[in-house]
Amino acid sequence: MNTELGKVTNDWYLAFEQFDWMNLLIFLIYVSLIFLVRMIILSFTKRMKNSDKKWLFQMDSLVRYLLNWLTTYGILLFILFYFSDSSWMFREIVSVGKVKVTFFLLIIAILIISIANRSSKMITKYLLPAIYQRYDLDRGVQFTFDKMFHYSIMVLAIFISLTTVGIDLSALTVFAGIIGVGIGFGLQNIASNFISGIILLFERPIKVGDRVIVNEVIGDVEKINMRATIIKTLDNEHIIVPNSYFLEEQVVNRSYSDPRHRLVIPVGVAYGSDVEHVRKLLLEVAEAEEIESETVLIEPKPFVNFVGFGSSSLDFELFVWITNPDKVIPIKSSLHFRIYKALTDNKIEIPFPQQDLHVRTIDKEAAELFKK
């Protein structure tokens with residue numbers, strides 16, 4: 001064992017002595033020129049980013065993406081071709097079975113995987129949206145297709161890169177067995193959340209863009225990642241929820257199947273008020289809101305529910321249906337303004353909780369003090 005280690009060390013020492021440092025200098029100059037050209041181009045495209053025009057902003061994003069791509073692959077391809085005659089490129093780094101892994105094979109594998117990754121992201125960002133728009137696919141379907149397309153491309157690229165390096169895929173069965181044991185002992189939660197994420201993408205009990213309620217917190221689903229789902233709350237805070245939560249717990253999805261949502265607006269009026277007049281006013285408020293807002297529906301019709309006789313008020317509920325659950329807060333606020341104005345204009349009192357205190361007996365000295 002020590003003899004083999006000494007041999008490898010000696011080989012690398014000889015390679016270090018024979019290394020052509022002039023080639024390294026040329027390589028550093030080449031890298032510097034690439035970054036200089038990149039910086040100059042980005043300085044010209046900076047104006048696009050600050051522009052109000054959407055297409056200029058998108059053009060700037062595309063230029064930056066292409067520059068990053070060309071920079072990375074320009075350096076890798078230069079190493080691959082310029083140092084193709086160097087002995088260190090084909091010197092063994094590690095052995096996997098009968099396969100000797102070298103720098104040359106590693107660069108080829110990295111190129112295959114990175115090209116697949118960047119190509120997948122570029123297609124999902126710039127090409128597929130036009131197809132989605134043509135067939136009018138909702139945001140959740142788009143996200144699911146993007147994720148599955150990316151995963152498929154990456155799995156295929158990994159298999160191709162391993163085959164290119166020369167690693168026999170059948171030799172990975174032992175490695176897969178070790179991973180299986182690891183999952184059984186310490187990675188149950190990670191495996192559970194990963195599988196749950198795949199189920200969420202296919203079964204779609206929740207999807208990107210849905211408005212959900214998790215632990216009494218309202219938010220919109222932004223991303224369904226491999227391990228967790230990102231929910232953006234109404235306060236612009238982000239909650240990271242494990243994927244398995246959505247399959248094991250009760251989750252309210254306001255956008256599932258039918259996006260229509262019923263608003264319930266409680267209203268209390270003073271005793272002695274004309275209840276028929278109150279019902280008429282509330283229905284007029286709902287009709288006025290429907291005229292000005294595209295979200296409020298005529299069908300199902302607004303309905304006034306006489307809840308009962310409260311401790312200090314006659315209690316009503318105004319039921320209004322809306323098409324978009326994202327508009328719950330602004331529509332509720334608008335209806336509250338309208339209801340208050342309608343009741344005050346018609347001199348209908350909105351009571352507040354109050355109590356009358358009846359004193360039956362009182363101390364004589366206290367009574368004399370009150371008289372004074």
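**Note on the predicted model: sheets, helices and a phenylalanine cluster**

1. Nine bridges link strand E8 to strand E10 (residues 314-322), and the two run antiparallel; strands here are DSSP runs of at least two residues (E), helices are runs of at least four (H or I), both numbered from the N terminus, and two strands pair if DSSP finds at least two bridges between them. Within this pairing, Val 267 has Phe 316 in E10 as its bridge partner. Helix H9 (residues 275-292) packs on the sheet, where it touches E8, E9 and E10, and its direction makes about 25 degrees with that of E10. Helix H10 (residues 328-345) also packs on the sheet, touching E8 and E10, with its direction at about 30 degrees to that of E8. Contact means heavy atoms within 4.5 Å, while axes are lines fitted to C-alpha atoms, for helices over the stretch in contact, with angles running from 0 to 180 degrees between N-to-C directions.

2. The model is predicted, so local features need pLDDT of at least 70 and side-chain atom pairs count only at pLDDT 80 or more, whereas totals for chains, interfaces and linings use all residues. Residues are numbered from 1 along each chain as its sequence is written, and side-chain values use heavy atoms, leaving out hydrogens and water.

3. For the protein as a whole, the secondary structure comes to eleven helices and ten strands. Of its 372 residues, 31% are buried, where buried means under 20% relative accessible area, exposed over 50% and partly exposed in between (1.4 Å probe, protein chains only). Among contacts with a separation of 6 or more, 64% are between residues 24 or more positions apart.

4. The sheet of point 1 is open and has three strands in the order E8-E10-E9, with antiparallel pairing. Strand E8 (261-269) and strand E9 (303-309) are its edge strands, each pairing on one side only, and the twist averages 25 degrees from one strand to the next.

5. Phe 319 is placed in strand E10 and counts as buried, because its relative accessibility is 12%. Not counting residues up to four places away in sequence, Phe 319 touches Arg 262, Leu 263, Val 264, Pro 302, Phe 303 and Asn 305. The C-alpha atoms of Phe 319 and Pro 302 are 5.5 Å from each other, although the two residues are 17 apart along the chain.

6. Phe 306, Phe 309 and Phe 316 make up one aromatic cluster. Rings of Phe, Tyr and Trp (its six-membered ring) pair if their centres lie within 6.5 Å, with planes under 30 degrees apart counted as stacked, over 60 as edge-to-face and the rest as tilted. Five aromatic pairs are present in the structure. The Phe 306 and Phe 309 pair is tilted, because the ring centres are 5.5 Å apart and the planes stand at 55 degrees. Phe 306 and Phe 316 are stacked, at 4.5 Å centre to centre and 25 degrees between the planes; Phe 306 lies in strand E9 and Phe 316 in strand E10, so this pair ties together parts that are ten residues apart in sequence. Phe 316 is buried at 4% relative accessible area, Phe 306 is partly exposed at 35%, and Phe 309 is exposed at 65%.

7. A second open sheet has five strands in the order E6-E5-E4-E3-E7, with antiparallel pairing. Strand E6 (238-242) and strand E7 (252-253) stand at the edges with a single partner strand each, so one side of each has no neighbour in the sheet. Strand E3 (residues 211-214) is joined to E7 by two bridges, and Val 212 stands opposite Asn 253 in E7.
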